[in-house]
Amino acid sequence: MIDLSCKYLGLQLKNPLIVGSSGLTSSIENLKTIAQMGAGAVVLKSIFEEQIKFETEIFLQSDNPEMKSWQEAFQGIVSKTEFYYEEAYDYLTGYAKEHTLNHYLSSISEAKKVIDIPVIASINCSTQYDWQYFAKRIQDAGADALELNVYLLPSDFEKSGIDNENVYFDIIKEVKKYITIPVSLKTGYYFSSVAQTLLRLSETGIAGLTLFNRPYNPDIDIEHLQISASNMFSSDSEYSHSLRWVALLAGKLKCDIAASTGIHNHETVIKQLLAGADAVHMVSVFYKYHFDVLPQIINGLESWMLHHNFNSISDFKGLLSRKNVHNPASYERVQFLRLFSSIE
Ligand SMILES: Cc1cc2nc3c(=O)[nH]c(=O)nc-3n(C[C@H](O)[C@H](O)[C@H](O)COP(=O)(O)O)c2cc1C
């Protein structure tokens, strides 16, 4: 009897396959399908800092009936675009933020009602902006855990590596003050010392690190002489970067590791688990082939385990992490002198 169950962020999952945060996880219909198809957990579409700021602005300036009634109530104190009293402004801004957040909160509670797998909420943030307020509300709405999606491009010439890295620590510290549900951090790899920074982040009390987010990448359209977007979705060969880091960090970090990017089939799921991942996040594959591939991936994992006489995930998790292989250098090597020089 094959047992795929595992623990991730302290949550009991029936298997380590997580549908990662994206537009696909924002509708209740999709969430139901994801659960029916056998996913171990789901990360909801992120609520974005920019989105809240933008929607708050729109709301404050809008002619919508709710805003109108506030404008009437504050007649003489507040006009449509100008707020005479800071208190009134704060009050209305708070109200508008609440309005934006409520939609997200109800999608969490609705998800919790209709699916029986863990629901991980997600916020995309780049500053300490009011997250203490939002994180607590997300917890109260019933989310099983919260993933913080923080991805800073260190492109500011004025900022040092430490300046940039402090942002991650500050956000975690702020959020963790207000909530007790597990918090994970999904991030990129732009750190001056990837291993040490991720280790230090894992020591902040977070329950997991998701390695790595796949950033939006720019491209250039040489026909129209314009900046364009490069491939929105990952390919099935893009997993090796996260595989390397999962293998290097497994057993060293003080929190769980979820592998992310380029995981499209059961073979890659198995590789990431062998490297030491506690769970995997998958997104692009579902955009390409919908959720029908989930049962195939689960079956593929089960058949492989059966074939290798592994009864549970813990029988092989981390078997090929850096810590457990004879030649750890195979994960650290970046120049294949022998290989490269033999190719003509
Ligand atoms: C269309 C689309 C929307 C996404 N939206 C989010 C999001 O809201 N929050 C987030 O943390 N990641 C988001 N991501 C990133 C994915 O969660 C994932 O980290 C990334 O796509 C790499 O995984 P993949 O190779 O399986 O696609 C999005 C990805 C795509 C393709």
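Reader: Is Ala111 buried or exposed?
Author: Ala111 is buried, with a relative accessible area of 0%. Buried means under 20% relative accessible area, exposed means over 50%, and partly exposed is in between (1.4 Å probe, protein chains only).

Reader: Before we go on, what kind of model is this?
Author: This is a predicted model: local features need pLDDT of at least 70, side-chain atom pairs count only at pLDDT 80 or more, and totals for chains, interfaces and linings use all residues. Residues are numbered from 1 along each chain as its sequence is written, and side-chain values use heavy atoms, with hydrogens and water left out.

Reader: Back to Ala111. Where is Ala111 found?
Author: In helix α4, residues 86-114. Helices (H or I, at least four residues) and strands (E, at least two) are DSSP runs, numbered from the N terminus.

Reader: Which residues is Ala111 in contact with, leaving aside neighbours within four places in sequence?
Author: Ile28, Leu31 and Val119. Contact means heavy atoms within 4.5 Å.

Reader: And how far apart are Ala111 and Ser26 in space?
Author: They are 9.6 Å apart, C-alpha to C-alpha. In sequence, 85 residues separate Ala111 and Ser26.

Reader: Which residues of helix α1 are buried?
Author: Asn30, Leu31, Thr33, Ile34 and Ala35. Helix α1 covers residues 28-36. Gly38 follows α1, and its phi is positive, near 105°.

Reader: Let's zoom out. How many helices and strands does the chain have?
Author: 13 helices and 13 strands. The chain has 344 residues, and 48% of them count as buried. Among contacts with a separation of 6 or more, 69% are between residues 24 or more positions apart.

Reader: New topic: the ligand. Which residues come nearest?
Author: Ser21, Ser46, Asn149, Ser234 and Ser284, out of 19 residues around the ligand. A residue is near a molecule or strand if one of its heavy atoms lies within 4 Å of it.

Reader: Which polar atoms lie by the oxygen atoms of the ligand?
Author: A polar side-chain atom of Ser234 lies 2.5 Å from a ligand oxygen. For Ser284, an N or O atom in the side chain is 2.5 Å from an oxygen atom of the ligand. Val283 uses a polar backbone atom, 2.8 Å from a ligand oxygen. Taken alone, the ligand exposes 600 Å², and the protein buries 90% of that. Accessible areas come from the Shrake-Rupley method with a 1.4 Å probe; for residues, only the protein chains shown count as cover.

Reader: You listed Asn149. Where is Asn149 found?
Author: In strand β7, residues 145-149. Asn149 is buried, at 8% relative accessible area. A polar contact of 3.0 Å joins its side chain to that of Asn213. A polar contact is a pair of N or O atoms within 3.5 Å; within protein, one must be able to donate a hydrogen and the other to accept it, and residues adjacent in sequence count only if both atoms are side-chain atoms.

Reader: What about Gln272, buried or exposed?
Author: Buried, with a relative accessible area of 0%. Gln272 is found in helix α9, residues 266-275. Its side chain makes a polar contact of 3.0 Å with the side chain of Ser242.

Reader: How many salt bridges does the structure hold?
Author: 10. A salt bridge is a side-chain nitrogen of Lys or Arg within 4 Å of a carboxyl oxygen of Asp or Glu. In one of them, the closest N and O atoms of Lys177 and Glu174 are 3.2 Å apart.

Reader: Why are Lys177 and Glu174 separated by about one helical turn?
Author: Because they are three residues apart in helix α6, residues 161-178. Lys177 is exposed at 55% relative accessibility, whereas Glu174 is buried at 13%.

Reader: What about the side chains of Glu238 and Arg214?
Author: They meet in a salt bridge of 2.8 Å, N to O. Glu238 lies in the loop between β11 and α8 (240-249) and Arg214 in the loop between β9 (208-211) and β10, so the pair ties together parts that are 24 residues apart in sequence. Glu238 is partly exposed, at 29%, and Arg214 is partly exposed too, at 23%.
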